[in-house]
Each structure stands twice: as C-alpha cells, then as structure tokens.
Amino acid sequence: MTVLDGIIEGVREDLARRRGAVPADEVRARALAAGPAPDAVPMLRSVSGLRVIAEVKRSSPAHGPLAGIEDPGALAVSYAAGGAAAISVLTEGRRFAGSLSDLESVRSAVRLPVLRKDFVVDPYQVWEARAHGADLVLLIVAALDGSRLTDLLAVVREAGLTALVEVHDEPETERAVAAGARVIGVNARDLRALRVDSGVFGRLAHRIPADVVRIAESGVRGPRDAARYAALGADAILVGTSLVTGGDPGAAVAALVDAGRRAPMPGAPDPGTAGTPA
C-alpha cells in the first residue's frame with residue numbers, strides 16, 4: 001500500500017461518518033443555497049506577476065507537525081495582507097490535522113478565493129466544499145481511477161466551483177488536459193512515496209495548454225524558488241510549509257510575490273534554488 005492509498009483509506013472512513021451525520025441531500029441543498037462561487041481562474045492567471053496561493057497547514061505526512069495555527073482566519077488575513085491571490089485550506093484530519101471548521105474560519109475572514117485542499121474521491125466532498133464556503137476544490141488525478149476524474153469535474157461544475165486538478169507525471173497530465181481541466185497543479189511531491197522532484201514542473205509545463213492556468217506545488221522554499229517557477233511558466237505557486245514555519249507569514253508571502261514579479265520571462269536561464277524545505 002502506498003502513502004496515498006493509506007490516506008485515502010482514512011478519508012473514506014471519515015467520509016462515511018460525516019455522511020451518516022449529514023445526509024448527502026442536505027449537504028447538496030446547503031451548497032446550492034450558497035450559490036455558485038466567483039470564477040477563480042482570472043485571479044490565478046499570471047498577468048503582471050506570479051500569483052501565490054498561501055496554505056493553512058498544521059501538519060503533513062512528510063514533515064509531521066508544523067504549526068499550531070490557533071486561528072486559521074487570522075493567518076489567512078496575514079496572507080492576504082502579504083499579497084496572496086488565494087488561500088488553500090487543508091481539511092483532511094488524520095495526516096494534516098485540518099478540518100472543515102478551518103475552511104469556514106478562513107472563508108469568514110477573507111474575500112479571496114478559498115481552496116478546499118483534501119483527497120476528494122466522492123461527489124459528497126465536492127458539495128461539502130461549497131457548503132462550507134470553498135470556491136475551489138482539489139482533485140488529485142493519482143487518486144481518481146477510470147472515469148472518476150471526469151465524473152467529479154462534472155459535479156464541480158454543477159456545484160459552481162473551480163477544480164484545481166493535480167498531476168505529477170506525463171500520463172496524469174494527459175488525463176487532466178483530456179478531461180478539460182482549466183487549472184492544473186503540478187505537484188513536485190509524489191504522494192505515493194512522498195519524494196520531491198524539483199524538476200517535475202519544468203518537464204510537464206509544456207504539456208499544459210497555454211489557456212490553462214499552471215500552478216507549481218511543493219518545493220517552494222523561498223523567493224528564488226518562486227522566481228524559478230515563474231521563469232518556467234507557472235501562473236501561480238501553492239506554498240504551505242515554508243510559510244507556516246517562518247516567523248512572519250505575511251512578509252514571506254510578500255517576498256514570494258516580489259520574486260515572481262522580478263523573475264525572468266519563461267525560457268530564460270534557471271535562476272537556481274535556495275532556502276529551507278517546504
């Protein structure tokens with residue numbers, strides 16, 4: 001069993017408990033009552049510089065406990081003050097110590113687009129995301145076999161959300177593009193074994209159509225990494241660990257935004273990497 005398999009097993013168990021407490025019809029009704037979310041794509045597309053999606057992240061399977069984060073909403077406000085384009089909220093509880101309450105806290109604190117970052121394998125979770133205030137929801141291609149990806153993308157559209165479709169290799173990228181994903185995130189971390197390959201984005205970016213938002217995930221350790229991803233053609237970066245473990249999350253976001261703005265155009269020489277692990 002891979003790390004990803006183990007996480008999904010726990011996600012399904014927790015999902016069964018929530019479904020038993022709140023029926024699917026009720027969750028769907030709450031989501032529809034909230035109305036469709038604003039389209040997040042224009043907020044994530046790079047126009048004048050690299051966008052930063054800043055993450056509320058307490059823990060991870062790769063690094064263990066990271067930060068207490070007593071007030072996710074306050075952290076989101078700091079991120080927004082630093083220039084974040086969107087806020088990502090981990091809601092998986094067993095490995096990441098997140099919750100839907102964290103999502104609600106962030107939603108009530110900022111007007112920026114909010115991403116529910118979890119291991120979504122069932123339509124219930126999509127409706128749940130909108131019912132609790134999300135504008136975007138993560139779909140991980142490695143976790144979605146067969147037609148499940150296209151089926152869930154249809155539910156995402158019905159719920160009025162935007163999907164961030166995450167890939168790690170060439171076949172997953174081809175599946176995401178074929179399914180019609182408008183936002184594709186390239187995760188440098190292989191969730192099956194938790195290994196990081198900082199070259200993944202560079203190898204996959206050209207396989208993603210120009211009209212699709214390209215997001216680099218994982219491996220952002222500081223401003224020079226942000227500049228490197230910008231130079232490789234990323235519209236945005238998703239950053240968690242290096243922000244929650246630093247002393248000033250707002251200033252850290254601002255430094256990433258500034259680095260992305262100053263980065264060379266795609267195709268220029270690689271500016272290199274530096275910093276502490278993300």
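V183 is buried, with a relative accessible area of 0%, where buried denotes under 20%, exposed over 50% and partly exposed anything in between (1.4 Å probe, protein chains only). The model is a predicted one, in which local features need pLDDT of at least 70 and side-chain atom pairs count only at pLDDT 80 or more, whereas totals for chains, interfaces and linings use all residues. Residues are numbered from 1 along each chain as its sequence is written, and side-chain values use heavy atoms, with hydrogens and water left out.

V183 belongs to strand β8, which spans residues 183–187; strands (E, at least two residues) and helices (H or I, at least four) are DSSP runs numbered from the N terminus. When residues up to four places away in sequence are not counted, V183 touches V41, L44, T162, A163, L164, V165, V212, V213 and I215, contact being defined by heavy atoms within 4.5 Å. Between V183 and V47, which are 136 residues apart in sequence, the C-alpha to C-alpha distance is 15 Å.

I215, one of the residues touched by V183, is also among the residues with the most contacts inside the largest nonpolar core, together with Y79, I87, L139 and I237. This core comprises 94 residues, a nonpolar core being a set of buried Ala, Val, Leu, Ile, Met, Phe, Trp, Tyr and Cys residues joined through side-chain atoms within 4.5 Å. Apart from residues up to four places away in sequence, Y79 is in contact with A54, E55, V56, A84, I87, L243, V244, P249 and V253. A54, in turn, lies in strand β1 (residues 51–56) and counts as buried at 0% relative accessibility. Its contacts beyond four places in sequence are Y79, A84, A86, I87, S88, V239, L243 and V253, while the C-alpha atoms of A54 and R203, 149 residues apart along the chain, are separated by 24 Å.

Helix α4 (residues 72–82) and helix α5 (residues 100–109) pack at an angle of about 45 degrees, and their axes are 7 Å apart; axes are lines fitted to C-alpha atoms, for helices over the stretch in contact, with angles running from 0 to 180 degrees between N-to-C directions. The two helices, α4 and α5, are therefore oblique to each other, given that angles under 35 degrees count as roughly parallel, over 145 as roughly antiparallel, 65 to 115 as roughly perpendicular and the rest as oblique. At this contact P72, G73, A76 and V77 of α4 meet D102, S105, V106 and A109 of α5. These residues divide into five nonpolar, two polar and one charged, with Ala, Val, Leu, Ile, Met, Phe, Trp, Tyr, Cys and Pro taken as nonpolar, Asp, Glu, Lys and Arg as charged, and the others, Gly among them, as polar.

Helix α6 (residues 123–131) and helix α7 (residues 148–158) pack at an angle of about 25 degrees, with their axes 9 Å apart. The orientation of α6 is therefore roughly parallel to α7. On the side of α6, the contact is made by P123, V126 and W127, which meet R148, L152, V155, V156 and E158 in α7. The residues of this contact divide into six nonpolar, no polar and two charged.

Helix α10 (residues 223–231) is mostly covered, seven of its nine residues being buried, namely D225, A226, A227, R228, Y229, A230 and A231. These buried residues pack against α9 (200–204), β11 (213–217), β12 (236–239) and α12 (249–262). G233, which follows α10, has a positive phi near 105 degrees.

Most residues other than glycine have a negative phi. I69, although not a glycine, has a positive phi of about 45 degrees; I69 is situated in the loop between β3 (64–65) and α4 and is buried, with a relative accessible area of 13%. A97, likewise not a glycine, has a positive phi of about 60 degrees, lies in the loop between β4 (86–90) and α5, and counts as partly exposed at 36% relative accessibility.

R58 is placed in the loop between β1 and β2 (59–60) and is buried, with a relative accessible area of 18%. R58 and L90, 32 residues apart in sequence, lie 8.3 Å apart in space, C-alpha to C-alpha.
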